Structure formats: structure tokens, C-alpha cells
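Trainee: I have just opened this structure and would like to learn how to read it. Could you walk me through it, one feature at a time?

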Amino acid sequence: MSFRIAVTGAAADAARRTVPTLVSDLVASGITALDPALWGPEAESEAAKRLGWTESVSVSLPLVPEILALRATLASAGVTRIALAGMGGSSLAPEVITRTAGVPLTVLDSTDPGQVLAALGDHLAETALVVSSKSGSTAETDSQRRVFEHAFREAGIDPIGRIVIVTDPGSPLDTSARAAGYRVFNADPTVGGRFSVLTAFGLVPSGLAGVDIGELLDEAEAVSLALAVDSPENPGLILGAAIAATEPRRDKLALVADGTHIGGFPDWAEQLIAESTGKSGTGILPVVLAVGAPELTENLPDLQVLRLVDDAGTTIFPADGTDEIRVSGTLGAQFLVWEYATVVAGRLLGINPFDQPDVEAAKVATRALLDGRPEPAPAAFISDGIEVRGTAHVIGAASDLASAIDALLEELDPDGYVSVQAYVNRLELPQLAGIRDLVAKLSKRPVTFGWGPRFLHSTGQLHKGGQPSGVFLQILATTQEDLSIPDRPFTFGDLIRAQASGDASVLAQHGRPVLTLTLTDPAANIAALFGALK
């Protein structure tokens with residue numbers, strides 16, 4: 001079987017209670033038939049143009065031989081390394097696909113200058129770049145493309161033969177790239193970015209890197225009939241009900257990769273669920289956890305645990321005394337089931353799962369900062385070489401690093417969560433991810449961790465539009481080596497700082513507590529930061 005699900009405890013109760021109604025309402029067949037009325041009249045116009053993902057397998061099949069032919073052409077030109085410039089679903093999907101297949105792909109979904117320089121690497125002569133942008137106007141992706149174009153030309157390489165474009169038909173990037181002579185793959189415009197894994201956005205970079213993308217589509221096809229049938233055993237209905245219909249509702253979902261062969265899947269599921277459901281003051285907060293994370297032993301009443309395993313079992317509602325969801329399956333099947341489950345959850349929550357009304361606010365704030373180029377706000381104080389800034393209630397009477405962190409956590413509601421956001425070079429500072437567990441131990445609440453700015457294109461929607469119970473810890477680093485963006489009046493260092501500041505300002509406008517810590521000497525400051533958290 002290509003997909004298996006086992007649900008117990010509160011999730012099983014939710015599925016028993018809710019799935020029969022979903023079946024009688026013909027929800028599964030309605031999704032497959034592209035019925036935009038399933039999410040209410042306010043969502044109908046958006047849903048009418050965003051259900052193409054249900055047909056991605058058949059629509060994408062003709063792309064497979066084109067991608068394989070281009071892969072052979074690039075290989076004959078000496079290309080052995082594929083890099084990807086993309087944000088949100090455009091990068092997270094290929095990252096999961098290639099990691100699971102064990103195929104190398106250099107993913108650039110950051111504006112940190114050090115990380116951009118690392119993606120350029122020392123092997124430009126053997127590199128081809130895939131530029132993925134649905135809108136064709138994504139600032140991060142445009143900047144990344146510009147610096148690669150410049151680097152190729154400086155190395156005496158014609159970028160026309162080394163850069164491949166993936167975008168929606170008619171986008172600004174589509175028009176300009178075709179005019180310049182670049183190879184362009186158009187994705188289905190009726191598929192939103194976070195649902196685009198089985199379209200050109202997922203397939204082109206993965207296929208060029210060496211993944212068997214035909215097999216991936218076959219895996220999704222194998223589960224499509226089960227998802228289209230109005231049946232109590234439909235895995236999409238069961239999973240959607242289990243994550244969105246518990247009583248009382250568990251609005252936080254722990255995603256735990258527990259021995260599964262699929263690499264990085266929780267990060268992809270996180271952006272799909274958060275951006276789709278986090279709006280109108282509600283939503284499901286995905287919390288990516290490792291086995292043994294502190295939250296898993298706290299018995300938090302609002303946290304539903306879901307484990308991705310390699311064999312979830314065959315019983316739908318086992319009564320084995322546990323209280324969790326277990327899922328297993330092939331990668332292609334997982335993608336399609338989770339997409340169905342997410343829109344089913346949207347129906348149960350009474351929201352439109354296809355829009356992202358609060359994402360644009362951070363982009364607008366970023367553009368204003370880049371246009372105005374104001375001097376950065378002075379730090380409230382400096383502690384152990386770390387500049388400390390924040391909203392008034394957080395800074396308050398804080399005088400050092402530890403008291404500032406305590407003040408942030410004091411703003412945490414009993415049903416709240418902490419979001420740690422690291423706007424740094426994650427290749428040089430991977431240890432910062434360890435902060436997540438320390439904050440979870442301190443707060444005894446669910447803690448998410450995101451590398452900035454990539455989360456702005458996914459979980460950033462939930463932070464502003466979802467449940468108003470988050471507190472936010474930003475971690476920045478003073479740029480050690482900046483990088484100019486060709487034909488732009490700002491650098492990558494300027495861009496990432498503006499993105500962090502812009503998002504902090506929008507969060508503050510929404511009444512969210514924010515603490516921003518800037519490491520002036522990252523290598524020396526990390527010990528002090530970890531010490532304050534302990």
C-alpha cells in the first residue's frame with residue numbers, strides 16, 4: 001500500500017466523528033472534481049483558480065522527457081552540479097525530493113551574503129542554476145539570479161546555457177527570460193506555490209539533479225484513486241480530520257520524523273499547513289520536532305503528535321492506548337495525501353486554504369526599508385557583545401541578555417508558542433538550531449525554529465494571521481562579508497537586515513512580542529547566548 005495511517009486517542013475520536021460527514025458531503029470527490037464551493041462563498045473565487053494540484057500528475061507527465069533531455073544536454077556540457085534559487089515551496093519541495101533520493105542539490109533559499117557566496121562555490125564551471133519563482137518577481141530569487149549571471153559572465157561562461165527558469169506563464173520573469181533566450185519551464189498557474197511539489201517547481205530541479213521523477217509521479221498516481229473516493233477509509237479525509245477536528249481542538253501539530261526514509265518531510269509539511277490554515281485568527285501550528293524533544297514529554301493538551309514512520313500499520317483506528325497519529329508511505333503518495341488533508345482541514349476550520357493575506361505585509365515593510373535606507377534603530381543595550389532590541393513590553397526593565405529572554409517568555413500565554421527565527425548563515429552557524437530545545441525546556445511550551453528569510457514565504461502567514469499567541473525571538477548576525485547585487489542599490493546584507501526588521505515591525509503592529517538579538521561576533525557570542533538560555 002502506497003500510504004498508511006493509524007490514529008489513536010483524540011485524533012481517532014475526531015476521525016470517527018468527522019469523517020462520516022465528510023463522506024456524506026462528497027468532499028473527496030468534490031476536491032477531485034475541482035469544486036470551489038467546498039470552502040464557502042468567500043473562498044470560492046480563489047479556490048476556483050487554485051485546485052490544479054489535484055491534476056498535477058497527469059499535467060506534469062509531459063515534462064518528464066523534457067527535463068531528462070535537458071539533463072543530458074547539461075551533462076554533455078560538463079555540468080555535474082545543480083543549484084536552485086527559490087523560496088518557500090519552490091525550495092522546500094526539491095530539497096525533500098533530492099534528500100530522500102540521496103541526490104545532491106545545492107539549495108539557495110537565503111539572502112545571507114555568506115550563504116549566497118557558498119552557493120556560488122568554487123565549481124562554477126560545472127554548475128547550472130535553476131531559478132524558481134511563481135510570481136516571477138520574488139526579490140530574493142531575482143537577487144540570487146543576478147549574482148549568478150554576473151559570476152558566470154566573469155568566469156567566461158554564457159549564462160544562457162547555464163540558467164534554467166521555472167515560473168508561471170506570463171509572469172515578468174517568463175517574459176524577460178524568454179526574450180533573453182533562457183530555457184523556461186512553465187508551471188501550472190492554477191497551482192499555488194505551497195501545493196506545487198508535483199509541478200515543474202518540484203520536478204525540474206529534482207530531475208536535473210538526477211532524481212527519478214517519473215517514479216515520483218507514479219507514487220502519487222498510486223494513491224490518487226483512494227483520495228478521490230468518498231469512503232470512510234480515504235486517507236486524506238482521515239488525516240484532515242485527525243489534525244483539525246479534535247475536541248477540544250489541538251491547534252499545534254508536532255511533526256516527528258521517527259525513523260522514516262524520507263528526508264526533511266516535516267519542513268515541507270510545515271509550510272503547507274501553516275500557510276494554508278494560519279489566518280482569520282485560527283490555524284494549525286506545525287512544530288517540527290526531533291525524537292526526544294522536550295515537548296513530547298510535557299503532555300501538552302493543545303499539542304497533537306504525528307509521527308512519520310516507515311510502517312504505520314494497517315488499522316485505521318487502533319485501540320492500543322497511545323494518543324497520536326502515525327503515517328507512512330512512498331514520497332509521492334505522502335505529498336498528495338497531505339495536500340488533500342490540508343484542504344480538508346481548511347474546510348473543517350472554516351477558512352480559505354488557498355490564500356495568504358498576511359504574507360505581503362512583511363514584503364511591503366522590507367521594500368520600504370530598502371527604499372528609505374533608514375539608520376538602524378539603536379540597541380536598547382548590549383550584553384556580552386549581543387545587541388538587544390525588542391518591543392516595549394519585552395525590553396521593559398531588562399538589563400542583560402538573560403533578563404530580556406525571561407521578559408519575552410513572560411509574555412507567553414498558557415496556550416501560546418515561541419517562534420525562534422535565525423536570520424544567519426545556517427551553513428556556518430548550524431548549532432543555532434540547538435536553541436530550540438533550550439527554549440522549549442525554559443518555556444515548557446511548543447517552540448518552532450525557522451531559518452530566515454525562507455520561512456517568511458510559509459509560516460510567516462500563520463505568525464500574523466493565525467492564533468495571536470506567539471512570541472518571537474529573532475537572531476541576527478552582523479555581516480562579516482557582504483555581497484553586492486548587480487544593478488541594485490542594496491547588498492545582500494542590506495536585504496536580509498531589511499527582511500528581519502520589516503517582519504519584526506509587522507509582528508509588532510499585530511501586537512506580537514518580539515525580541516531581536518544581533519550577534520556582533522557570532523563565533524564569540526554563541527556561547528553567551530546559549531549560557532543565557534540555560
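Mentor: Gladly, and we can begin with the inventory. The chain has 21 helices and 16 strands. Here helices (H or I, at least four residues) and strands (E, at least two) are DSSP runs, numbered from the N terminus. This is a predicted model, in which local features need pLDDT of at least 70 and side-chain atom pairs count only at pLDDT 80 or more, while totals for chains, interfaces and linings use all residues. Residues are numbered from 1 along each chain as its sequence is written, and side-chain values use heavy atoms, with hydrogens and water left out.

Trainee: What does the radius of gyration say about the overall form of the chain?

Mentor: The radius of gyration is taken over C-alpha atoms, and the globule rule is 2.2 Å times the number of residues to the power 0.38. For 534 residues, a compact globule would come out near 24 Å, and the chain has 23 Å, which agrees. Along the principal axes, the C-alpha atoms fill a box of roughly 60 × 60 × 40 Å.

Trainee: How much of the chain counts as buried?

Mentor: Buried means under 20% relative accessible area, exposed means over 50%, and partly exposed lies in between (1.4 Å probe, protein chains only). By that rule, 62% of the 534 residues are buried.

Trainee: Which residues have the most contacts inside the largest nonpolar core?

Mentor: In soluble globular proteins, nonpolar side chains tend to be buried together. A nonpolar core is a set of buried Ala, Val, Leu, Ile, Met, Phe, Trp, Tyr and Cys residues joined through side-chain atoms within 4.5 Å. The largest one here has 91 residues, and W268 and W338 have the most contacts inside it. Helix α14 (residues 331-349) gives the most to this core, with twelve residues. Apart from it lies another core, of 36 residues, including V394, I405, W451 and L533.

Trainee: What does W268 touch?

Mentor: Contact means heavy atoms within 4.5 Å. Leaving out residues up to four places away in sequence, W268 touches L92, A93, V96, R194, V197, F335, W338 and E339. For the chain as a whole, take the contacts with a separation of 6 or more: residues 24 or more positions apart account for 78% of them.

Trainee: Is E275 buried or exposed?

Mentor: E275 counts as buried, at 6% relative accessibility. E275 sits in helix α13 (residues 265-277). Beyond residues up to four places away in sequence, E275 touches R194, D355, Q356, V359, H457, S458 and Q461. The C-alpha atoms of E275 and G460 are separated by 7.4 Å, although these residues are 185 residues apart along the chain. For a second case, look at Q115 in helix α7 (residues 113-120). Q115 is buried as well, at 3% relative accessibility, and touches L108, D109, S110, V424, N425, R426 and L427, again without residues up to four places away in sequence.

Trainee: How do helices α10 and α11 cross?

Mentor: Axes are lines fitted to C-alpha atoms, for helices over the stretch in contact, and angles run from 0 to 180 degrees between N-to-C directions. The axes of α10 (residues 200-209) and α11 (residues 213-228) come within 9 Å and cross at roughly 140°. Angles under 35 degrees count as roughly parallel, over 145 as roughly antiparallel, 65 to 115 as roughly perpendicular and the rest as oblique. The two helices, α10 and α11, are therefore oblique to each other. L203, S206 and G207 in α10 meet I213, L216 and L217 in α11.

Trainee: Which residues of helix α18 are buried?

Mentor: In α18 (residues 435-443), the buried residues are I435, R436, L438, V439, A440 and S443. These pack against β8 (285-289), α17 (401-410), β13 (417-423), β14 (447-451), β15 (470-477) and α21 (522-533). After α18 comes K444, whose phi is positive, near 55°.
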